[in-house]
Amino acid sequence: MTNGPLILEAPLAPKQTRLEELWRLFKQNRLAIIGLFIFVLFFITAILGAVLTSGRDPLFDPALIRLQEKLLPPLSRPHVDALPPQEVPTFGRYLFGTDDLGRDVFSRMLQGAWVSLTVGFVAVGISVMVGIFMGGIAGYFGEHHLRWNHILGVTLLLAATVMGAMGNVWTSLGLLMAGGLCLSLFRLVKPYRKLRFTTAWLFKNAVSVDTLIMRMVDIMLCFPSFFLILTVVALLPASMYNIMIVIGLTSWMGTTRFVRAEFLSLREQDFVTAARALGIGNFRIIFRHMMPNAIAPVLVSSTIGIATAILTEAGLSFLGFGVPPPHATWGNILSGGKGFIFDAPWLTFIPGIAILIVVLCFNLFGEGLRDAMNPKLRER
Amino acid sequence: MEEAYAPPHKDTLLLVEDLRVHFRGHDHVARAVDGVSFDVHTGETVCLVGESGCGKTVTALAILGLVPIPPGVIASGKIRLRDTNLLTLTEEGLQDIRGNQISMVFQEPLTALNPVFTIGDQIMEAIQVHEKVSENERRRRCIGLLTDVGIPSPEARLKDYPHQLSGGQRQRVMVAMALACHPALIIADEPTTALDVTVQAQILNLMKSIQHASAMSVLYITHDLGVVSTVADRVYVMYAGLIVEQGTRDQVFQHPRHPYTRGLLASLPSRSKRGKRLYSIPGSVPNPAFKPKGCPFHPRCSAAIAECAVDFPGMCDYGHGHLSRCPPVYSRERQE
């Protein structure tokens, strides 16, 4: 085809990708840059810490007990002649002092950094994934209704799971089939629907998807979440993974609200209709077309969420509900040190200040990110 | 009188019969589309003309099955694409049709393109959802499409985001996306409204040349009679969810039969009306929830008689495919 005369427009806006633009705006905020710097430092420290404190013969051994060296202040020299050579700390000094059992606080802080980092990221990862999924469904499919047979079916399936967990195989299978039947009932009975008055209530609309999910969010928000976490952690076996999952599953509500709100406005946009007009499927539209447009506020709130999760984990460890003791976390160093606050203040101050700095840097970074992403706040 | 109109191909591609789309409000039903019938032949350009709120866009969305169904209801009608009734298809079946056999060009290209993806990604995705072809093949076709729609240096433009292109280029990208899977029909919903006049002409010429090259049908949805007079083979004039007049472009423009069409044409500026005050049709479009009884146009019509407020007007045949929904004018003109 010839298009000679058709090419008239001289195009070319200045080339700048979104990322470059974001970075340019982000750079202007000095506090946010400091936040980012400390964030990167913390990240590297935590990973190095995990590597250096693990293994059979680690460079920094957080569990090594030297009772004769207890409660030494930071930067003090070990009594080299009294220690076997393999127990002398790596730098020849106790950088952050020792605790009441003579363990090197620097090594323990290193090990704890890894706990904080993973708990922060994994918990927020879980909460963001749940939040995006729930919010996406509520925002996009919100107006669809669930019928009573859906609710009955899901209840039966849940009952089947419980029965299965209790080891009652036949009841479980029966409930499973009943639940499946209930969910597929609509298709089976549809042609005769009008004849069966006794089952008619099953096909009535019970509740809209939006109502269901958002009321669930409201209910979850009603619980004082720290105490909910405490209760759950008290019931579950103590482990780092349980803590992550519990923190993640009790903090997805904010993300859900964000994503739903974004989706309600995005759904009306032309490009969503255009994507549908191209024959693109619903889930592809939700997760590939709409999600990248809705992700900015989620990203911002999740950086601040990481700070909250680190704080929550420290709080749990402080109360003794966190990661079980031989493993060091900032929270349990703090709680171990509180008995010696006048004799050995570094045991309280070092983890306290570390938590403060990390949480603060995540907040600053998150706020910087928010300002850079929000065009209305750019001019300040 | 006029020559009988012969469509470029004999077969009917799209046939809409008695389509009614209603929207349920709290205490009323808005009958946005209220018995619309039309057909589009292969290779033909058909225009659906009408004011804002007359149901043109809803008709277009209904063809693609994109009317939001909880508030909206397809109360009756048939939409046949060749031999399939689109209204009975499942969502999966419709997804096969959309973009593949029928695609759509939207009014505002900036909002109809996803701001976070490059245009290359978007065009390639349009190909990807319907055809299993390799990445390289997709890229090659994408460059071919961008060349076809007249975008200079397409390889470089692939990596551009929509906001980096000008309005006309964005609309070209929309056209390229719509063309990606060689559809039989393109529905263009006011494709030039957001563009300035020179770019409008470019886009219309582009659509025309592509249409000639590939025997594709185009359904324009527009309120712009200038566009209609340049591109249309046949014209359907809509008012308040009804087709009030249909015919070839010449029939409708040279011999308008319905008072509404006459009013529309009279309100166009022209050289002969220089210096005079422009005509405008009195009143405004009725609320689709509270349409007047009888002919929906009668409160604004200068030719209205008493029956107009009572009887729902039927279609009157002027021959050669020219129909108008105004019996009083028809009987008056027959007597003369």
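A residue is called buried if 20 or more other C-beta atoms, placed from the backbone, lie within 10 Å of its own; it is exposed if 12 or fewer do so, and partly exposed in between. By this criterion, 46% of the 336 residues of chain B count as buried. The model is a predicted one, in which local features need pLDDT of at least 70 and side-chain atom pairs count only at pLDDT 80 or more, whereas totals for chains, interfaces and linings use all residues. Residues are numbered from 1 along each chain as its sequence is written, and chains are lettered from A, with ligands numbered from 1, in the order in which they are written.

Chain B contains 12 helices and 12 strands, where helices (H or I, at least four residues) and strands (E, at least two) are DSSP runs numbered from the N terminus. The C-alpha trace of chain B spans about 65 × 50 × 40 Å along its principal axes. Contacts, here and below, are pairs of residues whose C-beta atoms, placed from the backbone, lie within 7 Å. Of the contacts in chain B with a separation of 6 or more, 65% join residues 24 or more positions apart.

The domain assignment, with bounds from an automatic or database source, gives chain B a domain 1 (12-101 + 184-273 + 283-291) and a domain 2 (111-182). The C-alpha centres of these two domains of chain B lie 26 Å apart, and 13 residues of domain 1 are in contact with 15 residues of domain 2. On the domain 1 side, the largest share, seven residues, comes from helix H8 (residues 197-214) of chain B. That side has nine nonpolar, four polar and no charged residues, with Ala, Val, Leu, Ile, Met, Phe, Trp, Tyr, Cys and Pro counted as nonpolar, Asp, Glu, Lys and Arg as charged, and the others, Gly among them, as polar.

Turning to chain A, the division is into domain 1 (17-55 + 111-144 + 209-377) and domain 2 (65-103). Their centres, taken over C-alpha atoms, are separated by 36 Å. Eight residues of domain 1 of chain A are in contact with seven residues of domain 2 of chain A. Helix H12 (330-337) and helix H13 (346-373) of chain A each give two or more residues to the domain 1 side, and H13(A) provides the largest share, three residues. This side divides into five nonpolar, two polar and one charged residue.

Also in chain A, the axes of helix H7 (residues 225-235) and helix H8 (residues 240-249) come within 10 Å and cross at roughly 145 degrees. Axes are lines fitted to C-alpha atoms, for helices over the stretch in contact, and angles run from 0 to 180 degrees between N-to-C directions. Ile229(A), Val232(A) and Val233(A) of H7(A) make the contact with Asn242(A), Ile243(A), Val246(A) and Ile247(A) of H8(A). Six of these residues are nonpolar, one is polar and none is charged.

Between the chains, 23 residues of chain A are in contact with 35 residues of chain B. Helix H10 (270-277) and helix H11 (282-319) of chain A each supply at least two residues of the chain A side, with H10(A) giving the most, six residues.

Terms used. Two residues are in contact if their C-beta atoms, placed from the backbone, lie within 7 Å.
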